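Subject: Structure for you to look at

Hello,

Here is the structure I promised to pass on. Please open it next to this email and follow along.

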Amino acid sequence: MKREFYSNGKLLMTGEYAVLDGAKAWAIPTKYGQSLIVIETESKKIEWKSLDEKDKVWFEAIYDLESMTGISSTNSEISATLLEILIEAQKLNPHFLTDGLGYGVESKLTFPRDWGLGSSSTLINNIAQWGNINPYQLLENTFGGSGYDIACAQHNKPILFEIKKGLPTILELKRSPAFIKSLFFIYLNKKQNSRDAIKKYYSEEIDRKELSKTISQITKRMVTSTSIEDFEWLMSWHENVISDALNTPTIKTKLFSDYPRAIKSLGAWGGDFILVTGDESSMAYFKQKGYSTIIPYSEMTL
């Protein structure tokens, strides 16, 4: 028997960090994601293979299902993390992986691993689908985080995401910005560790309730904005609020101070993608600085 699963990647447009404390966040599922193919065998083992966007194998491992231990792998750290996810999934559904069968598993990304579009969240959501368990709970028991990335994995439209009383609430947005031709995503050539970024956020002395209130206000205005000028002003306001909270300079101040239009960090500050306003000709500025991965909004989003 063969089963196939797929999860969308993600980008957090607003609400970075503050979403953890209940702020409204605007997030978008991406055209890029990760698939999982599971084929039953009689080996009583999991034979796992991970492929990148070019179909190149970047990780392999074999696990014994009777003892839930690793037998071999090409990377011990990744293998231990994957085994932890499988064990936590089994705790949430005791029937998972206990039917005496074995499995050949192939996980495949459709984006480069260092892009930060959700290689972990898409994996979590795929395994949760396979194990018929709550993906938010599996995320909480493994990597942690707000869960907006799980919501993106499951939705095919931009969403407003918010944690209320510890539970995710999701509202699909009916439209994208009217000025999407002026929006571009640019990769900063390094992947940011979200868990490290979250630790830094919680190390700062911040009025988190007030921060969440302000960010929610900005988010609501950004998703309903009808002019690029207003949108750019809101982008800058959001950047300055988070900059003050983290005691960290904005990415524009740090790297692109002479760029005339708006720039906003996305997700964990300091890496992954940024959101930039401009036009095709404006992007030459970033290419000259060595940032060659530039994706228009319409090509990134579903």
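Glutamate 232 forms a salt bridge with arginine 261. Their closest N and O atoms are 2.6 Å apart. (A salt bridge here is a side-chain nitrogen of Lys or Arg within 4 Å of a carboxyl oxygen of Asp or Glu.) The pair links distant parts of the chain, 29 residues apart. Glutamate 232 sits in helix H7 (residues 228-246). Arginine 261 sits in the loop between helix H8 (251-255) and strand E10 (263-265). (Helices are DSSP runs of H or I with at least four residues, strands are runs of E with at least two, and both are numbered from the N terminus.)

Before you go on, two notes on the source. This is a predicted model: local features need pLDDT of at least 70, side-chain atom pairs count only at pLDDT 80 or more, and totals for chains, interfaces and linings use all residues. Residues are numbered from 1 along each chain as its sequence is written, and side-chain values use heavy atoms, with hydrogens and water left out.

Are the two partners buried or exposed, or something in between? Glutamate 232 is buried, at 15% relative accessible area. Arginine 261 is partly exposed, at 27%. (Buried means under 20% relative accessible area, exposed means over 50%, and partly exposed lies in between, with a 1.4 Å probe and protein chains only.)

Now stay with H7. Its 19 residues should span 27 Å at 1.5 Å a residue. (The expected span is 1.5 Å times one less than the number of residues.) The end C-alpha atoms are 27 Å apart, which agrees. The buried residues of H7 include Phe231, Leu234, Met235 and Ile242. After H7 comes asparagine 247, with a positive phi near 55°.

How many salt bridges does the structure hold? There are eight. Here are two others.

- Lysine 91 pairs with glutamate 88, with the closest N and O atoms 3.3 Å apart. Both are in helix H1 (residues 76-92), and they are separated by about one helical turn because they are three residues apart. Lysine 91 is exposed at 56%, whereas glutamate 88 is buried at 14%.
- Aspartate 230 pairs with arginine 221, with the closest N and O atoms 3.7 Å apart. Aspartate 230 is partly exposed at 25%. Arginine 221 is also partly exposed, at 35%.

Next, look at strand E6 (residues 102-109). Six of its eight residues are buried, so E6 is largely enclosed by the rest of the structure. Which way does E6 run beside strand E2 (residues 25-41)? The two pair in the antiparallel sense, over eight bridges. (Two strands pair if DSSP finds at least two bridges between them.) Isoleucine 37 has glutamate 106 of E6 as its bridge partner. Strand E3 (residues 45-51) runs parallel to E6, and six bridges join them. There, serine 50 has serine 107 of E6 as its bridge partner.

Last, the whole chain. It has 10 helices and 12 strands. Its radius of gyration is 20 Å, close to the 19 Å that the globule rule gives for 302 residues, so the chain is as compact as a globular protein of that length. (The radius is taken over C-alpha atoms, and the rule is 2.2 Å times the number of residues to the power 0.38.) The C-alpha trace spans about 60 × 40 × 35 Å along its principal axes. Of the 302 residues, 53% count as buried.

Best wishes
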